[in-house]
Amino acid sequence: MGTQKTFEKIKNLLKKHHQEHLLTFWAELNTAQKRNLLAQIEELDFAKIDYWVANFVKKSISAKIAGDFAPARSYSPHPANAEQQRKYDKAIELGKELIREIKVAGLVVAGGQGTRLGFDGPKGNFPISFVKNKTLFQIFAETIAAVSRKYQAVCPWYIMTSPLNYAETLEIFSSNSYYGLDKKDVFIFEQGTLPNFSFDGKILLADKAHIACSPDGHGGTLKALYQSGALEDMKKRGVEFISYWQVDNPLVNIFDPLFIGLHALDGAEMSSKALIKSGPYEKVGNFCLVDGKITVIEYSDLPDELAERRNPDGSLVFRLGSIAIHIINLSFVERLNAEGFSLPLHRAIKKITHINKQGKPVEPTVPNGIKLETFVFDALPLASKSIILQTMRTEEFAPVKNLFGTDSAETARQLMIQRAANWFESAGVTVPKKPDGSIDCLIEIAPGFALEKGDIKEKLNQIPEIKPKDKLYLA
Ligand code: UD1
């Protein structure tokens, strides 16, 4: 169809859905821009957009805290009795076997920008280690290389980016020679986007020829895996399980045999790791049972009364917090896509750069519109079975969200030092402490030196005596 004919068709469509303003600057565009704008509009599903505008943009549907609502249960970090010990041992063996047989792939979601961190560019490029200044990407890459060596197996790694940082992420990997990994085992792909809206439900224009869009949230992973060919690549390799984590956690245990094994033994489709929340309002998702299905309720959606509710022993009733680590079956992702699934939308009120009716750029200083996102954990209730493994905060969770304060680069670095010190002490190595009990040295352990506590004992002869204020790097 010629551009003019397509234009007429699209103009009518837009009118029907009250979005005709998208063509306001049509007469000012050159041929290529016109074609491009029409293509962007044609990609939009207006039936869905009408529904979103009515239900998420102009108002907000509240979270699913209704029906049969209870706290979720989990496996404890350590076996509670002899029977469970046997199960954990079996799970660890199975998990190791699955890694060895290349049935497990790593998947990091890295589509977000480092805005809250005040960092320009992909968050994975943020330097977090305190002795060698390694970036998050480098730490993950070294972990994957170390797991690969340990199990004598390839550990394929999938990295989800967004249109905002795909090219930059590729460039970072390429200029760092994929951090020593084989390029063919690293698959970098892009997630989809959703249009941005003004409060009155109009799609915003980024400029005269472009719709304002933003990444569709980490829930977009499940579609992007399918559409990018990443899932096909996994299938070709014989992968069955996807180990999912967020780019902001340098302590993540990417290939955890216990977690993988318990998930597989129990025949689950999508499982999660949890920790005990540090308090009622810690900014993590809450694991709940909604009508018998494991569901995550975001911290912002859990009413204070429920967040504060306590058991007779004083512990929080809703105490299992999500650290956004999952095992997802490849067949589950395939099934969802074959069924044409959709995840619920979440609305976020944001400052959105756009052009106004006069075509002038607007850099808002206060929130002026709505961005819509999907969350990967909303797929949990769609799984036929789901388990939760509780883990120790000190071992596996150091979120880097802000530059200072809670969940900052500073707190993450402290947690990294603390974990290294714990590993040393458990192997009998003395770590210098200040009078207040805090650690009085810097220890950075490269993943290639130790992947877990147990690895330290085998390397005791490589650990020098540590003196106060020492800066130690072990590789
Ligand atoms: C998230 C979780 C929260 C969990 C906490 C643990 C949500 C809404 N909340 O919080 O339940 O307890 O982490 O640290 O997710 N990302 C994409 N594409 C996107 C959006 C995000 O790849 O379109 C990635 C980011 O790069 C990041 C991860 O998803 O790796 C989390 O995104 P972020 O927005 O930082 O989530 P949080 O609100 O910090």
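Visitor: Is Arg335 buried, partly exposed or exposed?
Guide: This is a predicted model, in which local features need pLDDT of at least 70, side-chain atom pairs count only at pLDDT 80 or more, and totals for chains, interfaces and linings use all residues. Residues are numbered from 1 along each chain as its sequence is written, and side-chain values use heavy atoms, with hydrogens and water left out. Buried means under 20% relative accessible area, exposed over 50%, and partly exposed in between, with a 1.4 Å probe and protein chains only. Because its relative accessible area is 28%, Arg335 is partly exposed.

Visitor: Which residue does Arg335 meet in a salt bridge?
Guide: A salt bridge is a side-chain nitrogen of Lys or Arg within 4 Å of a carboxyl oxygen of Asp or Glu. Here the N to O distance is 3.4 Å, and the partner is exposed, with a relative accessible area of 53%. The partner of Arg335 is Glu339.

Visitor: How many residues apart are Lys401 and Asp248?
Guide: The side chains of Lys401 and Asp248 form a salt bridge, with N and O 2.7 Å apart. This pair links distant parts of the chain, Lys401 lying in the loop between helices H12 and H13 and Asp248 in the loop between strand E10 and helix H9, where helices (H or I, at least four residues) and strands (E, at least two) are DSSP runs numbered from the N terminus.
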